[in-house]
Protein chains: 2
Amino acid sequence: MAERVIRTRKGGDDVVVVLSAMSGETDRLIALAHQVTSTPDERELDLLLSTGERVTIALLAMVLQSRGYPARSFTGRQVGIVTDKVHTKARIERVTADRVREALAEGVIPVIAGFQGINENQDVTTLGRGGSDTTAVALAAALSAARCDIYTDVDGVYTTDPNIVPTASRLSKISYEEMLEMASLGAKVLQTRSVEFAMKYRVPVRVLSSFTDAPSGTLVTEEDRDMEQVVVSGVTYDRNQAKITLLGVPDRPGIAARLFSGIAKDNLMVDMIIQNISQEGLTDISFTIPRTDVRKAMALVVALGKDIGAADVQVTDQTAKVSIVGVGMRSHSGVAATMFETLAREGINIMMISTSEIKISCVIEEKYTELAVRALHEAFGLSARA
Amino acid sequence: MAERVIRTRKGGDDVVVVLSAMSGETDRLIALAHQVTSTPDERELDLLLSTGERVTIALLAMVLQSRGYPARSFTGRQVGIVTDKVHTKARIERVTADRVREALAEGVIPVIAGFQGINENQDVTTLGRGGSDTTAVALAAALSAARCDIYTDVDGVYTTDPNIVPTASRLSKISYEEMLEMASLGAKVLQTRSVEFAMKYRVPVRVLSSFTDAPSGTLVTEEDRDMEQVVVSGVTYDRNQAKITLLGVPDRPGIAARLFSGIAKDNLMVDMIIQNISQEGLTDISFTIPRTDVRKAMALVVALGKDIGAADVQVTDQTAKVSIVGVGMRSHSGVAATMFETLAREGINIMMISTSEIKISCVIEEKYTELAVRALHEAFGLSARA
């Protein structure tokens with residue numbers, strides 16, 4: 001890593017480095033917490049987890065110094081990464097970066113702890129898995145950097161998961177909007193929040209592999225004419241899905257609002273929502289949440305269901321979501337029909353559908369995930385021409 | 001540890017907990033730094049080392065919470081431990097402790113990171129080995145605590161090192177002044193700075209073993225009549241000694257000042273200083289420093305020696321210091337004579353002598369350390385009456 005920083009610096013650019021923890025360190029710290037209690041307090045967990053990056057920034061600053069490059073580490077607090085108060089998945093509210101600018105002005109390479117910030121109580125917060133991406137992009141935005149390079153364990157964004165479709169190909173360029181849909185749908189390359197920041201502040205982000213020095217990767221940038229030529233850029237899936245249905249809900253104005261504002265208060269992320277056509281004044285409301293939140297959600301949903309007069313609550317957690325994403329959908333018609341036909345041809349039942357301008361998602365039975373992804377990848381002609 | 005905190009709390013007292021890192025953690029972190037560079041930057045090293053306590057306070061707060069006791073962790077910065085700017089051995093300048101008082105007022109047990117503070121640049125500093133003792137005593141002083149209990153790996157302060165004299169006995173009580181002499185002479189029970197704080201703010205400190213629940217230990221407190229009955233309370237030694245001699249120094253006013261202010265600028269701790277009687281306008285100046293600082297010191301001392309016109313610089317690092325300590329010396333005469341006679345009887349040459357009101361120290365050849373300690377312990381009747 002030090003070599004990479006020095007090479008960039010020698011290229012004549014000012015460099016700001018943002019680091020995550022060493023591989024496996026965050027998991028080790030979480031395991032430590034779970035050794036002492038099954039329900040670690042989230043404020044304490046954040047303090048615990050924030051140590052991982054403090055170790056790596058100190059070490060990299062030492063290495064750079066020992067190679068003759070002035071360097072200085074800064075924690076999230078020291079560079080003024082101010083977040084909201086939601087521990088373990090805080091959102092950055094503002095970045096001052098004064099000390100980073102000072103260091104750059106002195107010719108010093110700032111080495112910054114990713115993943116962490118500080119809230120207005122002066123308590124340490126963390127930004128969730130992949131939070132270092134967001135730190136990097138937020139700093140790039142604050143500093144008006146020319147580009148943000150993110151070194152990760154993959155060499156870019158692929159048309160789909162190569163574990164499922166071996167002929168999946170790397171995209172050399174992708175729009176922020178597509179990337180946002182890809183990331184939130186489980187592409188796992190960049191933290192969603194980092195792409196939101198990049199889009200908002202128009203920061204070009206290059207995703208590169210930590211393991212090679214090949215300057216390939218995928219550039220995440222503003223939409224251009226090339227991108228529109230392609231109907232679908234990628235097929236993504238997310239197995240971390242559970243579907244919750246409230247049956248026999250009285251269909252009165254304000255019911256859905258009461259339900260989902262109750263759910264939002266608990267910081268549960270609801271994804272798709274479907275409300276059936278009302279029959280005899282009663283309706284069914286279905287929504288999906290991350291499967292990992294089902295236990296946390298159930299007590300709340302049952303209580304809210306009682307509150308709004310639902311007859312019953314059903315949970316299905318053997319579900320997955322497959323999606324096709326592409327800015328080209330805006331200018332091409334018939335994309336949804338092709339998707340539904342492709343799934344039907346494979347005998348896959350569609351449980352829920354949601355669409356946006358550049359994305360169509362279907363919730364299906366989890367066991368069909370691979371089949372659906374392969375069929376869609378093929379149907380939209382995404383395989384690499386070997 | 002959680003049990004101990006809960007027991008104290010159940011006893012009806014408010015409790016504030018100060019923690020150090022897990023056993024071996026600080027060494028592990030130092031080793032990490034030395035893996036990447038032989039000369040780690042001290043500012044970076046402090047950030048690295050400060051992670052050890054952040055881990056333990058988060059974990060203990062979690063455990064206390066899971067047992068039903070509200071608890072909250074605080075870092076050095078969060079409790080306002082403000083230090084000077086000397087990295088790796090910073091001195092506490094003030095303690096605000098506002099958040100600790102708030103937590104106590106809410107019935108919350110504050111769990112505080114020892115060993116670390118923050119300087120006026122908002123950079124993390126550490127207080128040196130045993131710095132958590134100092135954090136604890138400084139907080140006890142700031143909070144006007146009734147007592148500061150320090151759990152450590154020994155069950156108190158002994159008349160001398162039991163590894164050298166198996167019949168050494170534990171002191172049930174010792175004065176701040178004696179403890180200060182014991183600690184700085186190598187008793188290694190409490191960090192010197194913590195005892196200085198305790199003495200300054202009259203905080204009674206109890207040294208207890210982490211490994212037993214026996215309420216024995218040693219109470220470090222104000223001098224009382226009992227203590228004066230005993231001539232010598234303890235015999236200590238320090239092998240980490242090196243003697244540096246500047247030969248043929250022109251004996252002019254201000255020479256010693258120039259020498260030692262030059263040395264002080266480099267944060268070298270000079271212990272004993274002896275200047276010979278001047279002969280023909282020339283004198284010899286000898287002083288001792290920690291042996292571990294010899295490499296760092298030599299270049300400096302040679303340069304300073306040249307500067308003040310010294311003919312030569314000699315280093316002897318095979319030296320040790322043995323000392324006898326006791327407030328009883330103030331009211332008993334002939335103590336020094338007994339010490340010198342005892343060493344002479346064993347054939348041990350005394351290279352340097354220094355005395356204070358309650359302490360007499362002799363620098364001797366290192367190979368005689370154990371013999372000297374045993375002889376002095378016997379001569380002053382310190383062995384436990386078995």
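Visitor: How many bridges join strand β8 (residues 148-152) of chain B to strand β12 (residues 205-209) of chain B?

Guide: Strands here are DSSP runs of E, at least two residues long, and helices are runs of H or I, at least four residues long, numbered from the N terminus. Two strands pair if DSSP finds at least two bridges between them. In this case 5 bridges join β8(B) to β12(B), and the two strands run parallel. This is a predicted model, in which local features need pLDDT of at least 70, side-chain atom pairs count only at pLDDT 80 or more, and totals for chains, interfaces and linings use all residues. Residues are numbered from 1 along each chain as its sequence is written, while chains are lettered from A and ligands numbered from 1 in the order in which they are written.

Visitor: Which residue of β12(B) stands opposite B:C148?

Guide: B:V205 does. In β13(B), B:V205 has B:V220 as its bridge partner. Strand β13 (residues 218-221) of chain B pairs with β12(B) in the antiparallel sense, over 3 bridges.

Visitor: How many residues of chain A are in contact with chain B?

Guide: Contact means that the C-beta atoms of two residues, placed from the backbone, lie within 7 Å. By that rule 24 residues of chain A touch 24 residues of chain B. α4(A) gives the largest share of chain A's side, 10 residues. By class that side has 13 nonpolar, 8 polar and 3 charged residues. Nonpolar covers Ala, Val, Leu, Ile, Met, Phe, Trp, Tyr, Cys and Pro; charged covers Asp, Glu, Lys and Arg; the others, Gly among them, are polar.

Visitor: At what angle do α4(A) and helix α2 (residues 25-36) of chain B pack?

Guide: Two packed helices are described by the angle between their axes and the distance between the axes. Here the angle is about 30° and the axes are 9 Å apart. That makes α4(A) roughly parallel to α2(B), a term for angles under 35 degrees. A:L59, A:M62 and A:V63 in α4(A) meet B:L32, B:A33 and B:V36 in α2(B). This contact has 6 nonpolar, no polar and no charged residues.

Visitor: Which residues of helix α13 (residues 369-379) of chain A are buried?

Guide: A residue is buried if 20 or more other C-beta atoms lie within 10 Å of its own, the C-beta atoms being placed from the backbone. In α13(A) these are A:T369, A:A372, A:V373, A:A375, A:L376 and A:H377. They pack against β14 (234-250), β17 (312-325), α12 (335-345) and β19 (359-365) of chain A. After α13(A) comes A:G381, with a positive phi near 65°.

Notes
Axes are lines fitted to C-alpha atoms, for helices over the stretch in contact, and angles run from 0 to 180 degrees between N-to-C directions. Angles under 35 degrees count as roughly parallel, over 145 as roughly antiparallel, 65 to 115 as roughly perpendicular and the rest as oblique. A residue is buried if 20 or more other C-beta atoms lie within 10 Å of its own, exposed if 12 or fewer, and partly exposed in between; C-beta atoms are placed from the backbone.
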